[in-house]
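Dear colleague,

My notes on selected residues follow it.

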Amino acid sequence: MKYTYETNKKVDEAVSALELVLPNYNFGLQYIHNPQEKLADKGFKLDNEVKILDICNAKIAHDIFSQDMSIACAMPCKIAIYRENNQTYITLNSFVQIIDDLNPDLIDMAQEAQDMMIKMIEEII
């Protein structure tokens, strides 16, 4: 399952807006991936602009890792911002669903993180 939102912002504008609200939810930005650029470096042209943000709430990450280090394969949380058919979209996978697949005992923490990510996105669209 994924959550997808439309915005009138350009990709870089949405990235900047998200960066500004992250601290309000105790999230930090770890990295911004630029697949369009990386694919171009390998000789592949991607017409659609896309940025993928790795974000993390340190408390939630600590609490999850304290109970199950194998969850590292699903971390950090990611939010993708991309342009398609002249529209900008912001999307994230259901963190709850991912964690449920890996360790159902941690669903409450995943729900807390997911709820905050959805609020962040709703705040900037």
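Is Thr7 buried or exposed? Please bear in mind that the model is predicted. Thr7 has a relative accessible area of 3%; the limit for a buried residue is under 20%, and Thr7 is therefore classed as buried. This residue belongs to strand 1, which covers residues 2-7. Once neighbours within four places in sequence are set aside, the contacts of Thr7 are Ala14, Gln87, Thr88, Ile90, Ile124 and Ile125.

The next residue I examined is Asp12, located in helix 1 (residues 11-21). Its relative accessible area of 41% makes Asp12 partly exposed. If residues up to four places away in sequence are not counted, Asp12 touches Glu49 and Lys51. With regard to Glu49, 37 residues separate it from Asp12 in sequence, while the C-alpha to C-alpha distance between the two is 9.4 Å.

Phe44 has a relative accessibility of 53%. The threshold for an exposed residue is over 50%, so Phe44 counts as exposed. Together with Leu39 and Leu46, Phe44 makes up a nonpolar patch on the surface. The accessible area of these three residues together is about 260 Å².

In short, the three residues discussed are Thr7, which is buried, Asp12, which is partly exposed, and Phe44, which is exposed.

With kind regards

Key
Residues numbered from 1 in each chain as written. Predicted model: local features only at pLDDT ≥ 70, side-chain atom pairs only at ≥ 80, totals over all residues. Heavy atoms only, no water. Helix = DSSP H or I, 4+ residues; strand = E, 2+ residues; numbered from the N terminus. Buried < 20%, exposed > 50% of the residue type's maximum accessible area, 1.4 Å probe, protein only. Contact = heavy atoms within 4.5 Å. Patch = residues over 30% accessible without salt bridge, like charges linked within 9 Å, V, L, I, M, F, W, Y side chains within 5 Å. Areas by Shrake-Rupley, 256 points an atom, 1.4 Å probe, with all protein chains shown as cover. Salt bridge = Lys/Arg side-chain N within 4 Å of Asp/Glu carboxyl O.
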